[in-house]
Amino acid sequence: MSFVFPPPVPVSVPITGRPELFPVHRIYCVGRNYEEHAKEMGFTGREPPFFFMKPADAVVVVPAGATATIDYPRLTKNLHHEIELVIAIGKPGRNIAAADALGHVFGYAVGLDMTRRDLQNDMKKQGRPWCIGKAFDQSAPIGPITAAALAGDIGHAEIHLQVNGQDRQRSNVSKLIWNVSETIEHLSAAWDLQAGDLIYSGTPEGVAAVVAGDTMAGGVSGLESIRVQVR
Ligand code: MN
């Protein structure tokens with residue numbers, strides 16, 4: 001087999017305490033999965049979960065203890081941070097029941113669903129797809145993956161984000177509208193999940209803008225924290 005040009009190197013994420021890398025297949029994201037964030041976006045009540053995707057090569061790996069950099073993206077004047085718990089799928093499946101869902105989880109990581117909010121809002125108003133607001137280059141920073149067995153009680157972990165040392169987002173994974181198992185149940189009803197899929201599970205309230213020069217520091221208790229500077 002030969003290719004007309006060299007195929008891209010697979011996107012991968014480091015795993016805490018292991019030499020092997022986690023190869024990324026797809027990136028799924030859950031919209032409005034914390035009640036207080038749904039409210040700040042102008043919605044109320046529990047609605048069925050909905051999903052959008054980012055390309056795998058939107059990943060920016062943040063190595064343990066390091067500060068990664070992302071470029072301020074083109075076209076936007078309102079780049080928002082969304083700190084999220086990321087679920088890493090290790091075993092394929094479709095129509096997975098919530099009761100079986102954790103058996104498909106390889107581990108968890110801290111991620112940022114960076115959003116060109118002005119472009120996303122324009123698309124919403126026009127009833128058009130969100131891709132230009134969500135699925136751009138470098139829009140999915142992620143820290144090392146921690147194996148599920150080593151991640152502690154992830155369902156009750158604190159989740160937080162500081163920008164330049166100031167608190168912006170602080171909540172608890174227990175406040176997810178659709179928890180990890182329910183999210184996997186819904187997602188796998190619509191798509192065949194594969195080993196290597198990442199699920200950005202949604203962000204709590206407090207989303208706001210960052211500008212060039214800002215440094216974001218995010219964490220979920222039990223997982224490796226991340227630091228990302230915008231340049
Ligand atoms: Mn999000």
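Which residues coordinate the manganese ion? The views below take up this site and several side-chain pairs. This is a predicted model, in which local features need pLDDT of at least 70 and side-chain atom pairs count only at pLDDT 80 or more, while totals for chains, interfaces and linings use all residues. Residues are numbered from 1 along each chain as its sequence is written, and side-chain values use heavy atoms, with hydrogens and water left out.

**View 1. The manganese ion is coordinated by Glu82 (OE), Glu84 (OE) and Asp113 (OD), at 2.0 to 2.1 Å.** Donors are N, O and S atoms within 2.8 Å of the metal (3.2 Å for Na, K and Ca), and since water is not among the atoms, sites may look incomplete. Along the chain, the donors of the manganese ion follow the spacing E-x1-E-x28-D. Glu84 in strand β8 (residues 83–89) and Asp113 in the loop between β9 (105–112) and β10 (115–116) are 29 residues apart, a pair that links distant parts of the chain; helices (H or I, at least four residues) and strands (E, at least two) are DSSP runs, numbered from the N terminus. Both Glu84 and Asp113 are buried, where buried means under 20% relative accessible area, exposed over 50%, and partly exposed in between (1.4 Å probe, protein chains only).

**View 2. Lys54 and Asp113 meet through their side chains in a salt bridge (2.8 Å, N to O).** Lys54 lies in strand β4 and Asp113 in the loop between β9 and β10, 59 residues apart, and both residues are buried. Salt bridges that share partners join Lys54, Glu82, Asp113, Arg117 and Lys134 into one network. A salt bridge is a side-chain nitrogen of Lys or Arg within 4 Å of a carboxyl oxygen of Asp or Glu, and the structure holds 12 of them.

**View 3. Arg32 and Glu47 form a salt bridge, at 3.0 Å from N to O.** Because Arg32 lies in the loop between β3 (27–31) and α1 (35–40) and Glu47 in the loop between α1 and β4 (50–54), the pair ties together parts that are 15 residues apart in sequence. Arg32 is buried, with a relative accessible area of 14%, whereas Glu47 is partly exposed, at 27%.

**View 4. Cys29 is in no disulfide.** A search of the whole structure finds 0 disulfides, a disulfide being a pair of cysteine sulfur atoms within 2.5 Å. The sulfur of Cys131 is 11 Å from the closest cysteine sulfur, in Cys29, and is therefore too far for a bond. Cys29 is buried, with a relative accessible area of 0%.
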